[in-house]
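Visitor: I have not looked at this structure before, and I would like to learn how to read it feature by feature. Could you take me through it slowly?

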Amino acid sequence: MPLVSMRQLLDEAAKGGYGVGAFNVNDMEQIQAIMMAAKETKSPVIVQASRGARQFAEDLYLFRLIQAAAELNPDIPIAMHQDHGNSFETCKSAITLGYTSVMMDGSLKEDGKTPSSFEENVEVTRRVVDYAHERGVTVEGEIGVLGGVEDGHGAGGSGLDHITDPDQAVEFAERTGVDALAIAIGTSHGAYKFTKKPDGSVLKMDVLIAIHKRLPKTHLVMHGSSSVPKDLQDIVNKYGGNLKETWGVPVEEIQLGIRNGVRKVNVDTDNRLAITGAIRKVFAETPEKFDPRDYMKPAREAMKKVVAQRMVEFGQAGHAGDYSPIAIAEIAKGYKDGSLSTQPLVAAK
Ligand code: 13P
């Protein structure tokens, strides 16, 4: 099937009360791992590429691989999403390539490091929304700033530095018309999110719930949602890695989020850990091997296992056949005639 609008995918997830994993890719094996997991669990899926990934793989290679994934898996709805677009131009180039969804991360300035003002964020996000919706493309915005740095993108620091203010979230959703809203609740990109199992003092699920109460129909997005499982850390370290003890976002907290409006769940680090552990194992146990297939195959399998598990845990498993894709041109008409709403339902405080 053709690539699907992320808006359609998230609207369906809201109807079904489940979340959809958005998994980052840089290469063919990661795309294959995601598709193998989606096929096995019968899941709709969001595949996403950061600016770093687009640069690493080269735009055309990566996009053609996604098109191949869609062609080879006609029963799986796939949305292709630009992760953390830093400017109007970045989002425009993804749309020109054929991405069906973009994130305009206006929470940071174009350098991808410096927090921007609320007004700057509204202005650039609104501009992307106008351009994207005219072309049937979904837009995710971000209000509040995540911690950490990934692929050179991020303000650094703790996830607690710029937690989302629920009132600002409401105003941002109203003024931009975004389809999905990423919020900052204490998570950060990468492996080092928390120094112990997170509780409510560092992982602000109360803020997420407060935002969902004010914006009950808005699709919320949880970034930095790798769980950084101990068994994956242990494999990396057992075979010569050097990861410090660390904690991610427990799956049960993500599930609490999903019960409170989270529809898109971003996962990258867990897959990176799974791949690295599997490759290290082959290198350590059979140092005489040098055919890349000898370590890329187990690496792909290890990532597939993590992705399939998350698909079941997020609830998207079994939902691939629930709906047929609406053509992107029809989605564009829907935004134009108002049948696809871009104004959030706002509940009183
Ligand atoms: P993790 O580093 O927790 O996997 O988060 C990835 C992410 O949020 C990509 O935008």
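Predicted model: local features only at pLDDT ≥ 70, side-chain atom pairs only at ≥ 80, totals over all residues.

Visitor: What is the handedness of the crossing of α9 and α11, and which residues make the contact?

Guide: The crossing of α9 and α11 is left-handed. On the α9 side the contact is made by Leu232, Ile235 and Val236, while α11 contributes Asp270, Leu273, Ala274, Thr276, Gly277 and Arg280.

Visitor: How many helices and strands does the chain have?

Guide: The chain has 13 helices and eight strands. A closed barrel of eight strands runs in the order β1-β2-β3-β4-β5-β6-β7-β8, and its pairing is parallel. Neighbouring strands of this sheet are turned against each other by 25° on average, when direction is ignored.

Visitor: How should I read the pairing of strands in general, and where can I follow it around β8?

Guide: Strands of a sheet pair through backbone hydrogen bonds, either parallel or antiparallel. In this model, strand β1 (residues 20-24) and β8 pair in the parallel sense over four bridges, and Val20 stands opposite Lys264 in β8. Strand β7 (residues 219-222) also runs parallel to β8, and three bridges join the two, with Leu220 standing opposite Val262 in β8.

Visitor: Is strand β8 mostly covered or mostly uncovered?

Guide: Strand β8, which spans residues 262-267, is mostly covered, since six of its six residues are buried.

Visitor: Which strands pair with β5?

Guide: Strand β4 (residues 101-104) and β5 pair in the parallel sense over four bridges, and Val102 stands opposite Val139 in β5. Strand β5 (residues 138-143) likewise pairs in the parallel sense with strand β6 (residues 180-183), again over four bridges, and here Glu140 stands opposite Ala180 in β6. Helix α7 (residues 166-176) packs on the sheet and touches β5 and β6, with a direction that makes about 150° with that of β5.

Visitor: How do I read the two faces of a strand, and what covers those of β5?

Guide: In a regular strand the side chains alternate between the two faces of the sheet. For β5, Thr138, Glu140 and Glu142 lie on one side and Val139, Gly141 and Ile143 on the other, and they are all buried, so both faces are covered. With six of its six residues buried, β5 is largely enclosed by the rest of the structure.

Visitor: Where is Pro77 found, and which residues does Pro77 touch?

Guide: Pro77 is found in the loop between α4 (59-72) and β3 (78-85), and at 0% relative accessibility it counts as buried. Not counting residues up to four places away in sequence, Pro77 touches Met1, Val4, Leu9, Pro44, Val45, Ala320 and Tyr323. Pro77 and Tyr18 are 59 residues apart in sequence, and their C-alpha atoms are 15 Å apart in space.

Visitor: How does Glu89 count by its relative accessibility?

Guide: Glu89 counts as partly exposed, at 48% relative accessibility. This residue is found in helix α5 (residues 88-97). Glu89 and Arg54 are 35 residues apart in sequence and 14 Å apart in space, C-alpha to C-alpha.

Note on methods:
Residues numbered from 1 in each chain as written. Heavy atoms only, no water. Buried < 20%, exposed > 50% of the residue type's maximum accessible area, 1.4 Å probe, protein only. Pairing = 2+ DSSP bridges. Axes fitted to C-alpha atoms, helices over the stretch in contact; angles between N-to-C directions. Contact = heavy atoms within 4.5 Å. Left-handed = near helix turned anticlockwise from the far one by under 90°.
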